[in-house]
Amino acid sequence: QPAIVGATVLASAVGLTAGKTVELSWGTVTGGWVIENYYFFRGKKYSETTTALGRFPVDASGRLSARFIIPEDYGGVHEVIALDD
């Protein structure tokens, strides 16, 4: 079913370093309209960025099971990135 802003979701991963803590990040963009001299529309400009979702433990078998709330954001496909060291 579709994910909704504010809903709690479960993210899981395997093959991580056992006993570590990983930081999950939400891949997104920032940006908006490019306006010149208050009324000339020049297009849109976006830059890739990430938002921290929290730090989560990896169990002894290298498995991550993390719950987080979907942040308010632009629509479309997003990525969740696990950062380990």
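The legends below describe close-up views of a predicted model.

Residues are numbered from 1 along each chain as its sequence is written, and side-chain values use heavy atoms, with hydrogens and water left out. Because the model is predicted, local features need pLDDT of at least 70 and side-chain atom pairs count only at pLDDT 80 or more, whereas totals for chains, interfaces and linings use all residues.

**View 1. The aromatic pair of Trp 26 and Phe 68.** A search of the whole structure finds three aromatic pairs, where rings of Phe, Tyr and Trp (its six-membered ring) pair if their centres lie within 6.5 Å. The rings of Trp 26 and Phe 68 have centres 6.4 Å apart and planes at 70°, so this pair is edge-to-face (planes over 60 degrees apart are edge-to-face, under 30 stacked, and the rest tilted). Trp 26 belongs to strand E2 (residues 21-36) and Phe 68 to strand E4 (residues 64-69), so the pair ties together parts that are 42 residues apart in sequence; strands are DSSP runs of at least two residues, numbered from the N terminus. Both Trp 26 and Phe 68 are buried, a word that means under 20% relative accessible area, with exposed over 50% and partly exposed in between (1.4 Å probe, protein chains only).

**View 2. The aromatic pair of Tyr 39 and Phe 40.** Here the ring centres are 4.6 Å apart and the planes stand at 35°, so the pair of Tyr 39 and Phe 40 is tilted. Tyr 39 counts as exposed at 62% relative accessibility, while Phe 40, at 34%, counts as partly exposed.

**View 3. The largest nonpolar core.** This core has 11 residues, among them Leu 24, Trp 26, Leu 53 and Phe 68; a nonpolar core is a set of buried Ala, Val, Leu, Ile, Met, Phe, Trp, Tyr and Cys residues joined through side-chain atoms within 4.5 Å. E2, strand E3 (40-57) and E4 each supply at least two residues of the core. In soluble globular proteins, nonpolar side chains tend to be buried together.

**View 4. The surroundings of Leu 53 and Ser 25.** Leaving aside neighbours within four places in sequence, Leu 53 is in contact (heavy atoms within 4.5 Å) with residues including Leu 24, Ser 25, Trp 26 and Phe 68. Ser 25 lies in strand E2 and is buried, with a relative accessible area of 5%. With the neighbours within four places in sequence again left aside, the contacts of Ser 25 include Thr 51, Leu 53, Val 80 and Leu 83.

Note on methods:
Helices (H or I, at least four residues) and strands (E, at least two) are DSSP runs, numbered from the N terminus.
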